[in-house]
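Open the model in your viewer and get ready to select residues.

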Amino acid sequence: MSDVSMLEPKSVFQYFDEISAVPRASKFNAKISEYLVNFAKKNNLEYYQDELGNVIIYKGATPGYETAEPVMLQGHMDMVAAVAEGYEHDFETQPLEIYVDGNYVTAAGTTLGADNGIAIAMALAVLTSDQVSHPALEVLITVDEEIGMLGAEGLDPSKISARRIINIDSESEGVITVGCAGAVDCITTFETPRVTKSGVCYKYALDGLQGGHSGMDIDKERGNAIDLTGRVFLDCLKEARMNIIRLTGGAVTNAICNKVSGEVLVHPDDCIAFEKAMREVSAELKSEYEIADPGLKITMERVGEMETEVVSDECQMNLMKYLFVIPTGVHHMSVALPGIVETSMSIGFIRLEGDTMQTGAMIRSSVDSRKKNLCQRVKMVSEAYGGKCEFSGDYGAWEFNNHSTLLDICVDAFELHFGKKPEVGAVHAGLECGLFYEKLSGLDCVSFGPNMKAIHTTEERLSISSVERTYQYLCRVLEQLSKRQA
């Protein structure tokens, strides 16, 4: 156990510490799924585990509240797996190295997984508490939320009786979320024929960017290393004969790519012009992102002369034009909910090795028709430059319900507990509530959670004091739900 297990509320942080020791990257959910099953067995609680690894744990109502409507506590067990430069970590076998840093819990060299391990920890703390009054509980923890909500998509709805869901997958304390964007993954593949050339090899890197969540941070004007690489190379190609050997960056579609690296081959007569062009475009970008992303840096390291296979001139130009014109960023802001992004796109990864290049992007919108329209635009642009688009993991938006009884109860509980009104709004990110709405009729959902910073990055941090307040608030909501008899 780490020092994290000694934090308050102790039961929550003890479970969070235990969860952090269980490998649970997306696609590798088996161990955390079994952890949850063993928890249920140890505490004599009924449970259901499906073939995907989704787990539902059931607990009866506190005596005296058996007639209250059942409620579900919901989160996901997988986490985005990212490793900082200079660190090594095997997310299939190794525990996270978490520690306390002032008012925050963070991890050494990796993502923390508070998105969404804190939901599991809070739910397990409720299930084992004899101090929390509650209706009948169904705790649903899904697999592979971060790669397309695959667990929620494959869940058998007949195993759920609750029609009130408290999703604990939000990152801003004091905000009750009642809507979210739908999204779809877009994978674009290009054939990259190779030719053999001689020249001077340079290592290339564009990094130092903040990155972040491709929905929650898309309006912060942060640089995307993939977009910017297209611009950098197009500028260099105006001044020097250059061919790409290798290019890679990012890992998932739902994060803003913060680093691209690779190798290029420059004609021996054009090395001075190439280095000058790189310095000039680097200065331009640093000036442009001085406030939004001040850590941006472009580096080049001369390796030496060689003969090697490179991407052909015509293909390379098409690839860079594609990266330059692909419609990334914010497309529409919400009129109904001022200050909220409605429609956006962000490229999360690029892989150019051998005879193919692949990019992965996520398109998000709270208006399904605009999501569909943006998909058509991306497909047209990709095909215009020789690419082939494939879309997957499509899920619809969770639309605001202005007749939500659950929201009314949560607002009342917030005022009782904190003496002020909460903020109510929607997020430009995916929450599993949207998929549950498609599966379960008569559903009433809210989402809230403690303060977190830089989720999906190696700078991810979880506020200790916010966890304590949010857990107390969750208990107050359950208490109020207990008193509302069916």
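In this tour, contact means heavy atoms within 4.5 Å. Keep in mind that the model is predicted.

**Stop 1: Glu460.** Select Glu460, in the loop between β22 and β23. Leave aside its neighbours within four places in sequence. Glu460 is then in contact with Val105, Thr106, Thr111, Leu112, Gly113, Ala114, Asp115, Lys453, Ala454 and Ile455. Now zoom in on two of these partners. A polar atom of the Glu460 side chain lies 3.1 Å from the backbone nitrogen of Ala114. The Glu460 side chain also reaches the backbone nitrogen of Asp115, at 3.2 Å. Next, look for a charged partner. Glu460 is buried yet has no salt bridge. Arg24 has the nearest side chain of opposite charge, 7.4 Å away.

**Stop 2: Thr457.** Stay in the loop between β22 (452-453) and β23 (461-463) and select Thr457. Thr457 is buried, with a relative accessible area of 9%. Apart from neighbours within four places in sequence, Thr457 is in contact with Thr111, Gln210 and Gly212.

Stop 3: Select both cysteines. The cut-off for a disulfide is 2.5 Å. The structure holds zero disulfides. Both residues are buried: Cys186 has a relative accessible area of 2%, and Cys389 has 11%.

Terms used
Residues are numbered from 1 along each chain as its sequence is written. This is a predicted model: local features need pLDDT of at least 70, side-chain atom pairs count only at pLDDT 80 or more; totals for chains, interfaces and linings use all residues. Side-chain values use heavy atoms; hydrogens and water are left out. Buried means under 20% relative accessible area, exposed over 50%, partly exposed in between (1.4 Å probe, protein chains only). Helices (H or I, at least four residues) and strands (E, at least two) are DSSP runs, numbered from the N terminus. Lys and Arg count as positive and Asp and Glu as negative; His and the chain ends are not counted. A salt bridge is a side-chain nitrogen of Lys or Arg within 4 Å of a carboxyl oxygen of Asp or Glu. A polar contact is a pair of N or O atoms within 3.5 Å; within protein, one must be able to donate a hydrogen and the other to accept it, and residues adjacent in sequence count only if both atoms are side-chain atoms.
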